[in-house]
Amino acid sequence: MRELFAETADHFEHEILALEIADDHVHLFVQTDSKHSPADIARQFKSYSGKHLLERYPEIRESYFWGGGFWKVGYYVGTTRAVSEEVVERYIEETEH
């Protein structure tokens with residue numbers, strides 16, 4: 001999953017500042033050009049990584065998703081306006097999963 005997220009970031013010209021992958025969710029801290037809305041960024045990571053994951057491992061689709069997608073519909077987006085990047089990075093890295 002880390003490799004796919006790195007590929008996604010490269011493809012869309014985003015920089016991953018912090019990434020933590022849990023069993024049922026992902027914490028992702030991204031720096032990018034302001035032309036990308038938070039909704040676009042979430043969609044880009046979910047669609048690109050999900051598509052490539054299911055292409056590489058088709059048995060996942062057959063075993064777990066009955067032909068559906070990899071990611072759930074929802075997501076949460078926050079900005080770093082009120083806190084420093086270091087605080088967000090530390091939160092992501094120190095969160096226990």
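In the predicted model, a salt bridge joins the side chains of Glu3 and Arg56, with 3.5 Å from N to O. Glu3 belongs to helix H1 and Arg56 to helix H2, so this contact ties together parts that are 53 residues apart in sequence. Glu3 is exposed, at a relative accessible area of 53%. Arg56 counts as partly exposed, at 37% relative accessibility.

Arg56 also meets the side chain of Glu7 in a salt bridge, here at 2.8 Å from N to O. This pair again links distant parts of the chain, with Glu7 in helix H1 and Arg56 in helix H2, 49 residues apart. Glu7 has 22% relative accessibility and counts as partly exposed.

The structure holds four salt bridges. Among them is the pair of Glu55 and Lys51, whose side chains meet at 3.1 Å, N to O. Both residues lie in helix H2. Because they are four residues apart there, Glu55 and Lys51 are separated by about one helical turn. An α-helix has 3.6 residues a turn, so residues three or four places apart point the same way. Glu55 is partly exposed at 49% relative accessibility. Lys51 is partly exposed as well, at 47%.

Helix H1 spans residues 2-12, and its buried residues are Leu4, Phe5, Thr8 and Ala9. These residues cover an arc of only 140 degrees around the axis, and therefore lie on the same side of H1. The face turned away from this buried side carries the exposed residues Glu3 and Asp10. Glu3 on that face is the partner of Arg56 in the 3.5 Å salt bridge described above.

Just after H1, Glu13 takes a positive phi of about 60 degrees.

A search of the whole structure finds two aromatic pairs. In one of them, the ring centres of Phe5 and Phe45 are 5.3 Å apart and the planes stand at 40 degrees, so the pair is tilted. Phe5 lies in helix H1 and Phe45 in helix H2, and the pair links distant parts of the chain, 40 residues apart. Phe5 is buried, with a relative accessible area of 3%. Phe45 is buried too, with a relative accessible area of 2%.

Phe12 and Tyr48 form an edge-to-face aromatic pair, at 6.0 Å centre to centre and 80 degrees between the planes. This pair likewise links distant parts of the chain: Phe12 is in helix H1 and Tyr48 in helix H2, 36 residues apart. Tyr48 has a relative accessible area of 17%. The cut-off for buried is under 20%, so Tyr48 counts as buried.

Helix H4 covers residues 85-94 and includes Glu93. Glu93 is exposed, with a relative accessible area of 55%. The C-alpha atoms of Glu93 and His27 are separated by 9.0 Å, although the two residues are 66 residues apart along the chain.

Conventions:
Residues are numbered from 1 along each chain as its sequence is written. This is a predicted model: local features need pLDDT of at least 70, side-chain atom pairs count only at pLDDT 80 or more; totals for chains, interfaces and linings use all residues. Side-chain values use heavy atoms; hydrogens and water are left out. Buried means under 20% relative accessible area, exposed over 50%, partly exposed in between (1.4 Å probe, protein chains only). Helices (H or I, at least four residues) and strands (E, at least two) are DSSP runs, numbered from the N terminus. The arc is that of the directions from the helix axis to the C-beta atoms. Rings of Phe, Tyr and Trp (its six-membered ring) pair if their centres lie within 6.5 Å; planes under 30 degrees apart count as stacked, over 60 as edge-to-face and the rest as tilted.
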